[in-house]
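Hello,

Here is the structure for you to look through. My notes on it follow below.

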Amino acid sequence: MMRTYVADHGGTVFVSTPSRRPKQIRSRIMALVVIAVMGASAGTVQAFRDHQRADVTRMWTP
């Protein structure tokens with residue numbers, strides 16, 4: 001979609017704005033990226049905590 005504005009110098013400025021469909025696609029992709037990053041970080045934290053717990057168990061096992 002094209003929008004027109006009157007610039008400070010008095011001329012017309014044409015600006016291309018994304019239509020609704022690209023906005024929806026972009027927001028869905030961003031949502032999927034956020035979900036993937038959150039899952040990866042949670043998995044990393046869980047693996048780190050499991051690794052620490054295994055070390056503590058080894059240390060205190062007679």
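**What was found**

V33 has its place in helix α1, residues 20-60. Helices here are DSSP runs of H or I with at least four residues, strands are runs of E with at least two, and both are numbered from the N terminus.

This is a predicted model, in which local features need pLDDT of at least 70, side-chain atom pairs count only at pLDDT 80 or more, and totals for chains, interfaces and linings use all residues. Residues are numbered from 1 along each chain as its sequence is written, and side-chain values use heavy atoms, without hydrogens and water.

V33 counts as partly exposed because its relative accessibility is 40% (buried is under 20% relative accessible area, exposed over 50%, partly exposed in between, with a 1.4 Å probe and protein chains only). Of the 62 residues in the protein, 3% are buried.

On confidence, pLDDT is the predictor's confidence in each residue, from 0 to 100. The protein averages 77, and 71% of the residues score at least 70. Among the elements, α1 has the highest mean pLDDT (81) and strand β1, residues 2-6, the lowest (68).

Regards
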